[in-house]
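Here is a short briefing for someone meeting this chain for the first time. Please look through the sequence and the model before reading on.

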Amino acid sequence: MAQQAAPCSIRTPVPLQVGDGSSDPGVRVIDVTFPAATPQNIQEISFRNFYTAFLTVKFQQLRPTATKKSKTWRTCVRNLPLMPIPHMEEGSQDYVSVCRQQMACAADNVTSLRLVLRQPSPVWLSFTLEELQINPPGRQSPQKPCSWWLSRLPPGEELQKLHKGLPDPERVSSEVQRMWVLTEVMRSTQSTAAVGRFDVDGCYDINLLSYT
């Protein structure tokens, strides 16, 4: 039987509070907490984007020390682009999965998460993450249309996938150079003399002129 998503409490996004007590309209924060005394090992964070341009994910982890257990915050994902151009629609409502291999630190013994959402464009007044799920090892989100560039593949394999099918850069460079040479040849042989439409030796033939 497939595992279920980790039980958690997801708070409504709130604007980020800055030092003077005011809020930043381009940054929102979503806090995710797990039931007390049940830290989670995370395999995947999945969601549907809603006009969020960049995502940062922070973990609060339970770390045992020599005398007691302490909780520390670590940044596992920093400024992940969810939209290629924040002012455009592309990527604004894609399904995204951030798996364990794409995180900067091991997602073990996590007691809470903080997701920092950024949208620098004034075009979108509302932005958030929908259908947010925190999946433990052995659980993956159902297959859905993927984001404009993200997938479950490790970065190296994803890079190869993006490059597959692109034209040979040396061939493209050669064709561009050939077109440039042809352009220069045509420019050098082009006559600079003005061409008149109806004049002959500075005079006009009256039969070629139109009357109204």
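The notes below cover the overall fold, the nonpolar core and the aromatic rings.

This is a predicted model, in which local features need pLDDT of at least 70 and side-chain atom pairs count only at pLDDT 80 or more, while totals for chains, interfaces and linings use all residues. Residues are numbered from 1 along each chain as its sequence is written, and side-chain values use heavy atoms, with hydrogens and water left out.

**Overall fold**

- The chain has two helices and 11 strands, taken as DSSP runs numbered from the N terminus (helices are H or I with at least four residues, strands are E with at least two).
- Along the sequence, the order of elements is β-β-β-β-β-β-β-β-β-α-α-β-β.
- Of the 212 residues, 30% are buried (buried is under 20% relative accessible area, exposed over 50%, partly exposed in between, with a 1.4 Å probe and protein chains only).
- Among contacts with a separation of 6 or more, 73% join residues 24 or more positions apart (a contact means heavy atoms within 4.5 Å).

**Nonpolar core**

- The largest nonpolar core has 30 residues, and Ile42, Ile45, Phe59, Leu113 and Leu115 touch the most other members (a core is a set of buried Ala, Val, Leu, Ile, Met, Phe, Trp, Tyr and Cys residues joined through side-chain atoms within 4.5 Å).
- Strand 3 (23-33), strand 4, strand 5, strand 6 (69-81), strand 7 (95-99), strand 8 and strand 9 each give two or more residues to this core.
- Strand 8 gives the most, with four residues.

**Aromatic rings**

- There are two aromatic pairs (rings of Phe, Tyr and Trp, the last by its six-membered ring, pair if their centres lie within 6.5 Å; planes under 30 degrees apart are stacked, over 60 edge-to-face, the rest tilted).
- Phe50 and Tyr51 pair edge-to-face, at 4.9 Å centre to centre and 85 degrees between the planes.
- Tyr51 and Trp124 form a tilted pair, at 4.5 Å and 35 degrees.
- This second pair links distant parts of the chain, 73 residues apart: Tyr51 lies in the loop between strand 4 (44-50) and strand 5 (54-64), Trp124 in the loop between strand 8 (110-118) and strand 9 (128-135).
- Phe50, Tyr51 and Trp124 form one aromatic cluster.
- Tyr51 is buried at 9% relative accessible area, as is Trp124 at 16%, whereas Phe50 is partly exposed at 25%.
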